[in-house]
Amino acid sequence: MSVRSSLFLSLGVFLLCQCATKHQPIRFPATFQKYPEEIFSSGTVKECRLLEDKSELTPLEKKRLMDLYTIEAKSLKLGSDRFQEVLQKTDQLRPEVEELITESETLKTEVFLERKEIAEEEKNVFQSPKLKKAYSQVYQLWNQDENEKALEKAKEVLAQAELSQISSRPEWLKLLNLQFRIAHDIGEIEAIQLAYQQLKEFEPCSSEAANAALLMSLSLYVKKETPRAIQVLTAQCDPDESLSNQTRKNYWLYRFHKADDRLMAQEKLEALKKLPLPGYYLYLALSDRGENFEVPVVDSNASKKYLEDPFDIPKSASQYLLKAEERLKAGLKKDSHAYLGKVVSELKGNPEKNLLPLLYVAHLYRAAGNHLESMKTFSMMVGGKKGLGQEWTPVLHSEFLEMFPRPFSEKVSWLAKEWNIDEDFIYSIMRQESAFNPGAVSATDARGLMQLMPSLARSLSQSWKYQPYASDKFLFQAEENLKLSTYHLHQLQKLAPHYALMAAAYNAGLKRTSRWWKKFGHYPLDVFVEFIPVNETRNYVKLVLRNFLYYKALKSGGVLPPKLIAVDLPSLDLIREISSIKKNKPKKKS
C-alpha cells in the first residue's frame, strides 16, 4: 500500500471515529406527576430533606437543591423566617451552579428559537395588511356560521385585481383554500366543484388541492357518483407522501371500490393491513367487513433490546445525550428536555438510520415526564414515506403501546363509575389533551390534565355544587382537574351520545358540534368525521377514537370486535324528542 493510500485510509478511519460513537443506554421509569414541578408539595419537602442530609453533593445535585428551594420560596410568605432562610441557602448555592444554569438556559434558548423558526415558516403570515384584513373578514363570517355571506365575500376578495397583484402564491392559495372549505361546508356540489377547480388551476400539485380533491370525491360519493369520486381522487397530484396521508387515501379508495371492483378494494385493504401501526382507518375498514380489529400486543421485555446493548450515535448528538442522562439521574427532569431536544435536532435528518437512538430519546422523554415530546419523537420515526422494515415491527408496536399508560388509575376508575363514563374514553381524551401533563397550558389558556378553560371550570364547579373554583392552581392538581373534566364528559354524553360527538364537543364545544351533527349526522361515522370543517377538531376526533381502540385492545389482549364504535350516529331529532318528553313528563299523582 502506498503512503498516500495509507494516509487516505487513516483519514477515513479518523473521520468515521469522529462521526459516530457507541452509547450504552440506561433504563429509567416513566414519570407521571400529580402536580406541576413548580407547585410546592410534600414531595418537594421530602426530596429537599434527602439532598440536605447527603454528606456531599455533585454540582447537578446542588442545582436540583437550589431549584427545590426556589419552588418552596414561592409558597412562603415574603419576609418570613423560613423565606429568609431559604433565600440565604439559595444565594449560597448559586455561585457553585452558575455555569450549569448558563449552559442550560443557552440550550433552552437555542431549542426554542429552532422550533419558533419552523413554526413561523409553517404559519405563513400574510405580508400585506390589506390581504390579511380581507382574509380575516371572510374567515370571521365562516366561523360565525354565516356561510353564504362568507362565500360571497371570498368570491369578492378573489375578484379584486389589486389584491391579486400584491399577494404571494402561498397567500393566494390560502384564500382559495378558504373559499373551498366554505363551499364544502355549505354542501352545494356545483359550488364545491367550482372552488376545487380554481384551487387546482392555480396550484395543481399542492397539499391544499389534494385535500380538496378528497373532500370533493367524498361529496360525489355520498351522492352515489362513485365513478366520478374515484376519478377525482386518483387524478389529483398529491405531494404529501406521509404515512398518515397515504393511509387516509387508501381507506377511501377501498370504500369507493368496494361495490364495483373487489380486486382493487382488496388491494387497498391489504395496503392498510401492512401499516406498521394499525389504527383508526384500518379499524373502520375491518369493522365494515364484520372482522375483528387486532393490535399486536408483544412481549415488552423481548422488544426492548435497544435498552440493553450499546448503539451507534453521531458524536454531535452523543454529548447532549450523556448530559440529559446525568440530569435525569440528578432529578433535573425539566433541564433534561433541552438536551434531549438538541439530540432530536441532530438525528431528525435521517430517522431511519438513527432509529435506536431516537427510540431511546422517546424513552428518556417519558422518564422526564414529557410524554408529548416522546410521542412527537416516535411519530417522526414512523410518519415518513420510507418504511422501516418488517424486522422493526415488534419493537415499534411495543414502544407505541408504552405510550398508552393509565396514570392516576384509582381516581380515574372511581370517576368513571361515578359519572358512568367509559374509563378508556377518559384516558383517550387525557392522552390527546395534555399527554398526561398536569401543568399543561394551551395557547387559549386551557389548563391541566384534560385542558379545561378556567371559565368552564368555574361553571362546572357551580353546576356540580362542588367546592368552588378558587385559583389557577386548582386546575393544576391532577385529581381535582379530573373530577371536573369527567363531570364535563358526563354532561356531554347526555347531549352528544356517541364517542365521535363527545370528542368533537370536548374540543370545539357543543354548539359547534350540534351544527355539524345536524348538517352531516345522517352520514356514516367515517364521512361525518371527514366533513368536520375545522382541521384541528377533525384530526382530534380521529386521534381520540384511535386512542380508545388502543386502550380497549390493551385490556382485551389485542382483539376488538367490529362495531365497537357505532358506525351510525344517533338522530339529533330523536335526542331532542326524548329530551322534550323527559322535560314535560307529568309528575305522578300523590
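**Exercise 1.** Is Lys273 buried, partly exposed or exposed?

*Solution.* Keep in mind that this is a predicted model. Buried means under 20% relative accessible area and exposed means over 50%. Lys273 has a relative accessibility of 38%, so Lys273 counts as partly exposed.

**Exercise 2.** Which residue meets the side chain of Lys273 in a salt bridge, and where do the two lie?

*Solution.* Start with the partner: Glu270, at 4.0 Å from N to O.

**Exercise 3.** Which parts of the chain does the salt bridge between Glu110 and Lys342 tie together?

*Solution.* The closest N and O atoms of Glu110 and Lys342 are 3.1 Å apart. Glu110 lies in helix α4 (residues 81-123) and Lys342 in helix α16 (residues 333-347), so the pair ties together parts 232 residues apart in sequence. Now look at accessibility: Glu110, at 33%, counts as partly exposed, whereas Lys342, at 7%, counts as buried.

**Exercise 4.** Where on helix α20 do the buried residues lie?

*Solution.* First list them: in α20 (residues 409-419), Val412, Leu415, Ala416 and Trp419 are buried. Seen down the axis of α20, they fall within an arc of 105 degrees, so they line one face of the helix. Then turn to the other side, where Glu410 and Lys417 are exposed. Last, find the packing partners of the buried residues: α21 (423-434), α22 (454-464) and α24 (478-495).

Key:
Residues are numbered from 1 along each chain as its sequence is written. This is a predicted model: local features need pLDDT of at least 70, side-chain atom pairs count only at pLDDT 80 or more; totals for chains, interfaces and linings use all residues. Side-chain values use heavy atoms; hydrogens and water are left out. Buried means under 20% relative accessible area, exposed over 50%, partly exposed in between (1.4 Å probe, protein chains only). Helices (H or I, at least four residues) and strands (E, at least two) are DSSP runs, numbered from the N terminus. The arc is that of the directions from the helix axis to the C-beta atoms. Contact means heavy atoms within 4.5 Å.
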